[in-house]
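This briefing goes through one predicted model, topic by topic. Please keep the sequence and the structure in view while reading.

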Amino acid sequence: SFVAGTMPNPNSARDLPVLARQSGLKDIKVETFGVSTPYEFFLRAIAGSVCKAAEDGTIPRSEAEEFLAEQAALQQSGDFFQAWLFVLVSGTV
């Protein structure tokens, strides 16, 4: 999506197990976990990407404004929820 387009390597999590194996690690273990984040984190991490996507013409400005307003309304009502998914890859030498 447009947020992934603002990241240096949005597919890095998918690549990590292969990169670990190619680097010579053995007994590769992959763990995934999610972390819920507060609205303030959303504003810092995502809102800027949404606005930039609208400025660049990637998404319509009205769509960006609608999405941000919806998130603000969810925060106001106590229903805002956002989670980030992480991948941890480990192995032995």
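Apart from neighbours within four places in sequence, Gln82 has contacts with Val35, Ser36, Thr37, Pro38, Phe41, Phe42 and Ile46, a contact being heavy atoms within 4.5 Å. The model is predicted, so local features need pLDDT of at least 70 and side-chain atom pairs count only at pLDDT 80 or more, while totals for chains, interfaces and linings use all residues. Residues are numbered from 1 along each chain as its sequence is written, and side-chain values use heavy atoms, with hydrogens and water left out.

- Gln82 is located in the loop between α3 and β2; helices (H or I, at least four residues) and strands (E, at least two) are DSSP runs, numbered from the N terminus.
- With a relative accessible area of 12%, Gln82 is buried. Buried means under 20% relative accessible area, exposed over 50%, and partly exposed in between, with a 1.4 Å probe and protein chains only.
- The side chains of Gln82 and Thr37 are joined by a polar contact of 2.9 Å. A polar contact is a pair of N or O atoms within 3.5 Å; within protein, one must be able to donate a hydrogen and the other to accept it, and residues adjacent in sequence count only if both atoms are side-chain atoms.
- Phe81 belongs to the loop between α3 and β2 as well, but Phe81 is exposed, at 62% relative accessible area.
- Between the C-alpha atoms of Phe81 and Ser36 there are 7.1 Å, although the two residues are 45 apart along the chain.

**Aromatic pairs**

- Aromatic rings of Phe, Tyr and Trp (its six-membered ring) pair if their centres lie within 6.5 Å; planes under 30 degrees apart count as stacked, over 60 as edge-to-face and the rest as tilted.
- Six aromatic pairs are counted by this rule.
- One of the aromatic pairs is Tyr39 with Phe80, which is edge-to-face, with 5.2 Å between centres and 85 degrees between the planes.
- Tyr39 is part of helix α2 (residues 39-56) and Phe80 of the loop between α3 (61-77) and β2 (83-92), so this pair ties together parts 41 residues apart in sequence.
- Both partners are buried: Tyr39 has 14% relative accessibility, and Phe80 has 13%.
- Tyr39, Phe42, Phe67 and Phe80 make up one aromatic cluster.

**Nonpolar core**

- A nonpolar core is a set of buried Ala, Val, Leu, Ile, Met, Phe, Trp, Tyr and Cys residues joined through side-chain atoms within 4.5 Å.
- The largest nonpolar core holds 11 residues, including Tyr39, Phe42, Ile46, Ile59, Ala64, Leu68 and Phe80.
- The elements giving two or more residues to this core are α2 and α3.
- The most comes from α2, which gives seven residues.

**Helix α3**

- Helix α3 has 17 residues and spans 24 Å from its first C-alpha to its last, close to the 24 Å expected at 1.5 Å a residue. The expected span is 1.5 Å times one less than the number of residues.
- Which residues of α3 are buried? They are Ala64, Leu68 and Gln71.
- Gln71, in helix α3, is buried with a relative accessible area of 9%.
- Leaving out residues up to four places away in sequence, Gln71 touches Tyr39, Phe42 and Phe80.

- Asp27 is in strand β1 (residues 26-36) and is exposed, with a relative accessible area of 58%.
- Asp27 is not a glycine, yet its phi is positive, at about 50 degrees. Most residues other than glycine have a negative phi.
- Val87 is in strand β2 and counts as partly exposed, at 28% relative accessibility.
- Val87 touches Ala13, Leu16, Val30, Glu31 and Thr32, with residues up to four places away in sequence not counted.
- From C-alpha to C-alpha, Val87 and Phe33 are 6.7 Å apart in space and 54 residues apart in sequence.
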